[in-house]
Amino acid sequence: MKTMRYDIVYIDEELNDRNDMRDKFKDDPELNLTVLPPEEDLENFVKNLIDSNYDALIVDYQLMEYNPKIKYDGLDFLKTIHEIKEEYPVIILTDYEEDARNNAVKNDVNPRNIFDKRELKETEKLPRKIKSVIDYYKNHIEDLKNRINELKQKEKEGILKSKEESELIDKDSELERRINKKVSLDKTLKGSLALKSLNNILEETEKYLKEISKGKN
Amino acid sequence: MKIPFRVSARTARLIGRENIANAEGAIIEIIKNSYDADSTKSIILFDLKYSEIPTSIDKSEFYQLPSNKLLDKAYKKIKEKYVLLPKFINNKFLLTYFIKQNVLYLIDNGEGMDINTIKSSWMTIGTDEKLLNPYSNRGRIKSGEKGIGRFALDRLGAMCELYTQKKLGKEILKWEVVWDKFEKETITLDKIKANLEILNNKSLTEIIEKDLGPELSKITLINEIKHGTVIKITNLRDPWTKKTIKNLYNNLGVLIPPTELGKFKVFLYNKHDINDFGEIVNPLLNDYDYKLTANFDGNDNVKIKITRNEFDIELLKEKRNVFKEKEPMDMSKAPYDFETIKNKNFTQNYELEDLLNKNKENLIKEDFDKIGHLTFTFYFLKNQMRSFDRKIYPYREFDSSKRINWLSKFAGIKIYRDGFRVRPYGETNESAFDWLNLGERVAGSRFGPGQKAGIQWKVSPQQIYGIIKLSRINNISLIDKASREGLQENSVFYAFKDLILSIINVFEKDRHYIMRPMHVVYEKEHNSEVLISRAQATIKKDSEEIKNIILDGDNFEGALTKIIDKFDVYKDTIEAFKSKVDEVEDENRLLRGLASIGITLSTFTHELHHIYNNLLPSTQELEKILNKILLEKDNSVKNNLIDRLNITVKRIFTENERVDHWIKIALKLINKDRRKRKTINLGEYLSEYKKIWGNHLERRFIEFNYDEKFENIEIESFTIDLDSIFNNLLTNSINAFILRKDSSSVRKISINFKIIDKTLNVFYEDSGPGLEKFIKNKNQIFEPLFSTIPNGTGLGLWIVKLIMIDNNGDIIIERERPGLKLNLQFNKFNKI
């Protein structure tokens, strides 16, 4: 059986904890871990991380205590990531789960991916948790894509019902937000008319692009 | 070839002398011998011819003095007298010469010795005769040990004559030794000879009478002595004076436990003033507050008899309500009821386990089993009583100065073995006085026995006198140190100490049980509201009356007395308030301190969780790696594992270091010394403070600086108060640094001061973002429960404000933002 390999990154301001984590995943055949200290410029840091295409980002909740230059915590980090890629797998680890969860709720963040460090360490749950978060995310995107294609096919065939059309718009928007929220189109622009002409433009463009590449060859 | 060891006489003498600490010890050693010889009396008699240089000496007396060049120079014959020349008045050598003319007699009516005993026991150094035959003929357990008694004689004087007559024996033996013969370096012990003479047709009394004269012999009862031993020591080594003999007399007083008094009496006399001293009597203890007699059967049971003698029964009778109280003990039932207190005595049996308040598992039974049967009698005498106290507790009246005087001499828990003191336990003015560390217990509990937390009340070592009776037969495991100064501190000795302390605790608890209800009743009857309204009414009435008295003007003296009487009433009321206020303040201080520690700790929850999260898993990891290494055969894998091992060990080390820092902080902050009012040098305080927190601040890149000139500033306060202040301020700064995202990247705390108009202004500032902008009224931060951080208690600055006001000062905000700057103002301080 072919083993999936996941690329993940762990961010913590404490060297000991980074080493610790690196050590922990050393022998894991499926998880390929990179450890990083937090960087001062959060926007840039997040952009680079997204560009590097990791399967998941794991971040320590408290990032400021031992580094006066950092002005954000794990929750801020998560929010910044999700401003670009919604629901992107970000796991927050904390020594003080209760605090982090309370703060998440206050900041309107779903606390489901906030975990207690010790519990995970002691029980070897962490790798499984990480994998399941990534799998869930990937499967969800896969499902989205499949359904969108399905609906698009129907649209082409002219059998798309109005209920299905709104589903297509929703799903398409969701997919866009997950890939890059910042450049996603507003849902209102995706009404059947707008969508149709937009799709036509896209199809035309693709046609030209194909011809250009053909011409090149 | 076999060759014998040889002991130089000098060494033997040294060993002997080193075993006896001082002249007093030497005399005690000889009294012990008398006791072992079944004497019924032992007499110490000083022929104190000279305790100073005589200014004139009769001719006949002068000729009897041993010739001496200095003597001849110092005195000039004028008519029939020799008169001291003025320049010799303070001559030390002359003084020594005269003191050496004094004689010390040690006389007993014991069994005496015959030639055989002298040869086999007396002349054999370090004999174990007493170990082989521990009982004397009268059934006494012999108390001397190791055969060193004769060296005691050496300690007392250079020359020694000993006369002894065996019971029913016909002859008197005279034994004589000059100790200084031992000093010749080359001589071995067996070459030293003592003279032994047989004196026929003489009685012991005759010999003594020759020296003492018949009258003295009669008074001192020496003429009744038909057998026994008389030791005459001359060329004394110590400058005995009336004063030093008096000390000896006082000290011997507690040498013999009271119950032994009838069977064995010790007398001390000064030949030249026969009324000076007399029988050495154990100071009688009738005027005690509490007496406790405990009997440990050596196995599992301790029988304790308590005699309560602290309260005036007539006064107590009026306090009926006290016996309606149910807490902490039901006062209507024995042994806490009025009848029992009136009858004074009651007895209770305890099992060792209950007494020690330990589980069977925690009790090292073995050690307790080895203690052996013992009795412990213990007296409590409080040495002072405030008149106000007597309103709450119906104390018996006592003479405080007498008690203080007596206690200063005799306080302490003393150990006796077979009737003789085991020194130095319980010896006043010596380090082993408080060998049970009772003083330390007192320092750890600040409550009076009647207070709510009075169960923690501990008795002061200066207020008790106690006797523990041991014997060589029953308490084999409690053995003498080779130096004879005390017992060997083995595990049995510690169990023994535990046992004694827990018996003392029975008394301490009982006193609390009796006094707490008295306090409760008093409070009920005198609660502050009742007192205030009563005082108001009285003052109103009295002021009218005083006005009338003054206007009257007739009987001015009488009027004044009346007014003074009234002031007494006010004084008492104020005192009642004051003691209440003191109590509350004390509690407040403690609570504030503890609250501050709690607040500070919550700032470090993250770190504490971190430590908690890592410590155990790291250790488990270590175990796992070690197991793998043990089983691994492949070298490269093994090396890999060793690398991991190193990382893990390093991490455990770091974590342990952090734990270590935390423990240090905890121990420092809860130290009871910090709850005492004292002069605090702010420079020293801040330097210590910086040391305590240094590591934690450094790891967070926080710079902590204070003005070095603080070393010139002193304040009178409680260290715990300063801890509360700085811990709360520090906590706020750290929180601002690590939680506020608008905080600057430079983390700095600095403390400076400036003296303005007799006020010490201590400026505390940090480089944090300062007060949140939404705070409209900046002084809100000093209000209780005001907090701007998640999980903040909102108590920190409120506590600081309270403390500053308590210390006659205040705290004000100098700058709100950025970088909060606070001003702690102290009005009382010293500049040095």
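In what order do the five strands of the open sheet in chain A run, and is the pairing parallel or antiparallel?

Mentor: A word on conventions. This is a predicted model: local features need pLDDT of at least 70, side-chain atom pairs count only at pLDDT 80 or more, and totals for chains, interfaces and linings use all residues. Residues are numbered from 1 along each chain as its sequence is written, chains are lettered from A and ligands numbered from 1 in the order in which they are written, and side-chain values use heavy atoms, with hydrogens and water left out.

Now the sheet. Its order is E2-E1-E3-E4-E5 (chain A), and the pairing is parallel. Strands (E, at least two residues) and helices (H or I, at least four) are DSSP runs, numbered from the N terminus. Two strands pair if DSSP finds at least two bridges between them. At the edges stand strand E2 (31–36) and strand E5 (114–116) of chain A, each pairing on one side only. From one strand to the next the twist averages 25°. Axes here are lines fitted to C-alpha atoms, for helices over the stretch in contact; angles run from 0 to 180 degrees between N-to-C directions.

Look inside the sheet. Strand E3 (residues 56–60) and strand E4 (residues 90–94) of chain A run parallel, joined by four bridges. Ile58(A) has Ile91(A) as its bridge partner in E4(A). In a regular strand the side chains alternate between the two faces of the sheet. Helix H6 (residues 125–156) of chain A packs on the sheet. H6 touches strand E1 (6–11), E2, E3, E4 and E5 of chain A, where contact means heavy atoms within 4.5 Å. The direction of H6 makes about 115° with that of E1(A).

Asn53(A) lies between helix H2 (42–51) and E3 of chain A. Asn53(A) is not a glycine, yet has a positive phi of about 60°.

Chain A also meets chain B. In contact are 29 residues of chain A and 30 residues of chain B. The area buried between them is about 2,900 Å², and carbon and sulfur atoms give 43% of it. Buried area is the accessible area (1.4 Å probe) that two parts lose on being put together, summed over both. Four salt bridges are counted between chain A and chain B. Each needs a side-chain nitrogen of Lys or Arg within 4 Å of a carboxyl oxygen of Asp or Glu. One of them joins the side chains of Glu65(A) and Arg700(B), at 2.6 Å, N to O. On the chain A side, helix H1 (15–25), helix H4 (97–106) and helix H5 (117–123) each supply at least two residues. That side divides into five nonpolar, four polar and 20 charged residues. Ala, Val, Leu, Ile, Met, Phe, Trp, Tyr, Cys and Pro count as nonpolar, Asp, Glu, Lys and Arg as charged, and the others, Gly among them, as polar.

Chain B has an open sheet too. Seven strands take the order E14-E13-E12-E15-E18-E16-E17 (chain B), with mixed pairing. Strand E14 (345–351) and strand E17 (420–422) of chain B have a single partner strand each, so one side of each is left without a neighbour in the sheet. The twist averages 20° from one strand to the next. Six bridges join strand E15 (residues 374–380) to strand E18 (residues 464–470) of chain B, and the two run antiparallel. Phe378(B) has Gly466(B) as its bridge partner in E18(B).
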